[in-house]
Every structure is written in C-alpha cells, then in structure tokens.
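Biologist: Shall we go through the side-chain contacts together? Please put the model up, and begin with the terms.

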Amino acid sequence: MTGKKWAYEDFAEGASIELGSKLVTAAEIIEFASEFDAQPMHLDEEAGKASILGGLSASGWHTCAMFMRMMCDAFLLDSTSQGAPGIEYVRWKKPVLAGDMLTGRSTVVGKRLSRSRPQLGFVTCRHELFNQKGEAVFELENTCMFLTREGAA
C-alpha cells in the first residue's frame, strides 16, 4: 500500500475532489438494464419517452455503478482504501438519459480515526453527479475506511 497518493491524512473536511466526466450511451443503458434492471424505460427509447422519465434512462443502480467507476478512477484506486461499512443514503434526483454527460465531485463532510485501530480512519463524503445542464442527478453519502500513511507502510 505504500506509495498511494490518497491516505487518511490527505482528506480534509470541506475539500472537494473532482470525479471527471462520463458520457452515458444508449447501448450501455440497455446492456446494464438487460442484465440487472429490465424495466421498459431502461430498455427501449419509446417506452422511456412514454414514462415520466422522458426518454431512455439509466437505472438508478446503473447510475450508482457509473459513479463508482468515476470515483475509482479519480482517487480510490490510488488510495489506501479498505472499503466501506455502508451507505447512509442514495438519491436519484433526475433521470440520467442517453446522451447525458455526467460530471461529479466528492466532498469530505467529516473524518475521524478509529478508536480501536488508530492506523485506520473513517472519511465521510457526499458525492454528487451532474448532467451537462448542471442539474444534480445523483447524490450519495457514505463513510469509507482509509489506512493512515503509517498504517499503510
């Protein structure tokens, strides 16, 4: 784990980490939905248009998966991450439609060292995704566990 850019000490309360961008394609929406969430609005453009979502839309679970990939690429894979004990909440605020360009950020809202394992810290973040119009489409808050630099050595 040594040499990782992000350890517990590198997360500051109030700091934001940009997650980059992701183009959402119709093909990937249909592929994900075919396997994991085969509701009509995720499989067919016309069914999506006929729904309250207004078009072919990504499953909320697909949106979670896209967010996870964005977070991995932005910082998690270059960190001392030890996973997460859960998610406080997830909100799908607006439909994610085919052709949307998502951007995201993670903001540190709290952190603390473990009382029983001082080489381990808990970092709580609020994560957000936005479409190309700047509209918030997704929000998730959770706590992740990161080793300290000393714990990773």
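Modeller: Rings of Phe, Tyr and Trp (its six-membered ring) pair if their centres lie within 6.5 Å; planes under 30 degrees apart count as stacked, over 60 as edge-to-face and the rest as tilted. Trp6, Phe11, Phe75 and Phe146 form one aromatic cluster by that rule. This is a predicted model, in which local features need pLDDT of at least 70 and side-chain atom pairs count only at pLDDT 80 or more, while totals for chains, interfaces and linings use all residues. Residues are numbered from 1 along each chain as its sequence is written, and side-chain values use heavy atoms, with hydrogens and water left out.

Biologist: How many aromatic pairs does a search of the whole structure find?

Modeller: The search finds seven aromatic pairs. In one of them, the ring centres of phenylalanine 32 and phenylalanine 36 are 5.0 Å apart and the planes are at 45°, so this pair is tilted.

Biologist: Where do phenylalanine 32 and phenylalanine 36 sit in helix H1?

Modeller: Helix H1 covers residues 26–36, and the two phenylalanines are four residues apart in it, separated by about one helical turn. Helices (H or I, at least four residues) and strands (E, at least two) are DSSP runs, numbered from the N terminus.

Biologist: Is phenylalanine 32 buried or exposed?

Modeller: Phenylalanine 32 is buried, at 17% relative accessible area, whereas phenylalanine 36 is exposed, at 56%. Here buried means under 20% relative accessible area, exposed over 50%, and partly exposed in between (1.4 Å probe, protein chains only).

Biologist: What about tryptophan 61 and tryptophan 92?

Modeller: Their ring centres are 5.0 Å apart with the planes at 80°, so the pair is edge-to-face. Tryptophan 61 belongs to helix H3 (residues 60–74) and tryptophan 92 to strand S2 (residues 86–92), so the pair ties together parts that are 31 residues apart in sequence. Tryptophan 61 is exposed at 53% relative accessibility, and tryptophan 92 is partly exposed at 40%.

Biologist: Now charges over rings. Which ring does the charged end of arginine 91 sit over?

Modeller: That charged end sits over the ring of tyrosine 89, 4.2 Å from the ring centre. The charged end of lysine 111 likewise sits over the ring of tyrosine 8, 4.2 Å from its centre. The rule requires NZ of Lys or CZ of Arg within 6 Å of the ring centre and within 35 degrees of the ring normal.

Biologist: Turning to salt bridges, how many are counted?

Modeller: The count is seven salt bridges, a salt bridge being a side-chain nitrogen of Lys or Arg within 4 Å of a carboxyl oxygen of Asp or Glu. Among them, aspartate 73 and arginine 69 meet at 2.7 Å, N to O. Both lie in helix H3, four residues apart, about one turn of the helix. Aspartate 73 is exposed at 53% relative accessible area, and arginine 69 is partly exposed at 48%.

Biologist: Which residue does arginine 91 form a salt bridge with?

Modeller: Its partner is glutamate 139, with the closest N and O atoms 3.2 Å apart. Arginine 91 lies in strand S2 and glutamate 139 in strand S5 (residues 136–147), so the pair ties together parts that are 48 residues apart in sequence. Arginine 91 is partly exposed at 43% relative accessibility, while glutamate 139 is buried at 10%.

Biologist: And how far apart are arginine 105 and glutamate 128?

Modeller: Their side chains form a salt bridge at 3.1 Å, N to O. Arginine 105 is in strand S3 (residues 101–113) and glutamate 128 in strand S4 (residues 120–130), so this pair ties together parts that are 23 residues apart in sequence. Arginine 105 is partly exposed at 30% relative accessibility, and glutamate 128 is buried at 11%. Salt bridges that share partners also join Arg91, Lys93 and Glu139 into one network.

Biologist: Last topic: how many disulfides does a search of the whole structure find?

Modeller: The search finds zero disulfides, a disulfide being a pair of cysteine sulfur atoms within 2.5 Å.
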